[in-house]
Amino acid sequence: MKLAIEVKGLRKSFGGQTVLGGVDISVAEGEIYALLGPNGAGKTTLINILTTLVPADGGSARIAGYDVASEGGKVKQSISLTGQFAAVDEMLTAEENLRMMCRLSGMTAAESKRRTEELLRRFDLSGAARKRVKTFSGGMRRRVDLAISLVASRPVLFLDEPTTGLDTVSRRALWDIIAELKASGMTIFLTTQYLEEADQLADRIGVVNGGRIVAEGTAAELKARVGGEVIELTSEREQWSRTVATTGSVQDIGRVLNALAPTLPPDTQVTIRRPSMDDVFIALTHQTSEVSVS
Ligand SMILES: Nc1ncnc2c1ncn2[C@@H]1O[C@H](COP(=O)(O)OP(=O)(O)OP(=O)(O)O)[C@@H](O)[C@H]1O
Ligand SMILES: [Mg+2]
């Protein structure tokens, strides 16, 4: 198995704050890896280091076999990046944005025209090609952004929160595009705060919290780590709900329910279900699973 991304003991601090405290990640060629973590977990910092925008304090990272610290130029020629915040010129049309990036990447006018048309078609933007990007919806902007980062074909693609802020329809449209890019053989490293997104797209998921990878595996493996079954307790009247992980055995479920019963509102409903990615995330990042609305 050839590795497209190989990160070892990567560290980064800003001032006295440790943002990455020794991160290890390996991504095989052709794989989609999702880095899942809450706000401020260090996702963008890691992407910035892997794409040579920010130097690490320690550890090492190789992209497509090249070292990010000593072979930055080679790394840049191997990657595409769609950052967390849009890099499009809002006053230009989608077509103008793409043509400009093609020309800047060294294509002739004729090549630029051909590549721009191809990308507009692929990202379903042909109809809006001559409209200014400032009139576009969030989903259309994101597609322009992704198209721009794919002007040159490169083997490794970094996507920093590609669907944050998009509605369900636009999100699914982007998921389809990302799946197509994978099918074309690209290695994709994406960050997300959405469990469902990691679950849907990724071959493997790394959960980052407190500057470290606290868990890694397929969605099924991560769910299995949480335990057998999850008990969900809900009180409509008190607008309250709570989830409790169990081993899934009758004894354990009985024990949990007996222990909690005296403290529960009288109208509490019980559901027993398989763990979701939400449960995994809560368990692994030690966030509280208790929700009290009132
Ligand atoms: N250039 C910088 N100078 C100082 N602190 C920084 C810098 N860049 C990032 N940080 C800090 O590092 C931490 C991680 O930030 P980062 O942007 O990597 O998180 P993130 O996981 O991408 O979050 P989000 O989901 O909100 O995008 C934050 O506390 C942030 O304030
Ligand atoms: Mg970020």
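In this predicted model, I would like to begin with strands S3 and S9, the latter covering residues 204-209, which pair in the parallel sense over four bridges. If you want one position to look at there, take Leu 35, whose bridge partner in S9 is Gly 206.

That pairing belongs to an open sheet of six strands, and reading across it the order is S6-S7-S8-S3-S9-S10, with mixed pairing. As a reminder, strands of a sheet pair through backbone hydrogen bonds, either parallel or antiparallel. At the edges are strand S6, residues 79-82, and strand S10, residues 212-217, each of which pairs on one side only. From one strand to the next, the twist averages 15°.

Let me turn to the helices that touch this sheet. Helix H5, residues 138-149, packs on the sheet and touches S6 and S7, and its direction makes about 160° with that of S6. Helix H8, residues 219-226, lies across S9 and S10, and runs at about 110° to S10.

Now to the aromatic side chains, where the count comes to two pairs. In the pair formed by Tyr 33 and Phe 189, the ring centres are 5.6 Å apart and the planes stand at 10°, and because planes under 30 degrees apart count as stacked, that is what we call this pair. As for accessibility, both Tyr 33 and Phe 189 are buried.

The other pair brings in Phe 158, whose ring centre is 5.7 Å from that of Phe 189, with the planes at 50°, so this pair is tilted. Here too distant parts of the chain are linked, since Phe 158 lies in strand S7, residues 156-160, and Phe 189 in strand S8, 31 residues apart. Phe 158 is buried, as is Phe 189.

Which residues do the ring pairs link into a cluster? They are Tyr 33, Phe 158 and Phe 189, and if you go back to the strand order, S7, S8 and S3 follow one another in the sheet.

One last item concerns a charge and a ring, namely Arg 171 and Tyr 194. The charged end of Arg 171 sits over the ring of Tyr 194, at 3.9 Å from the centre of that ring.

Definitions and conventions
Residues numbered from 1 in each chain as written. Chains lettered and ligands numbered in written order. Predicted model: local features only at pLDDT ≥ 70, side-chain atom pairs only at ≥ 80, totals over all residues. Heavy atoms only, no water. Phe/Tyr/Trp six-rings, centres within 6.5 Å; stacked < 30°, edge-to-face > 60°. Buried < 20%, exposed > 50% of the residue type's maximum accessible area, 1.4 Å probe, protein only. Helix = DSSP H or I, 4+ residues; strand = E, 2+ residues; numbered from the N terminus. Lys NZ or Arg CZ within 6 Å of the ring centre and 35° of its normal. Pairing = 2+ DSSP bridges. Axes fitted to C-alpha atoms, helices over the stretch in contact; angles between N-to-C directions. Contact = heavy atoms within 4.5 Å.
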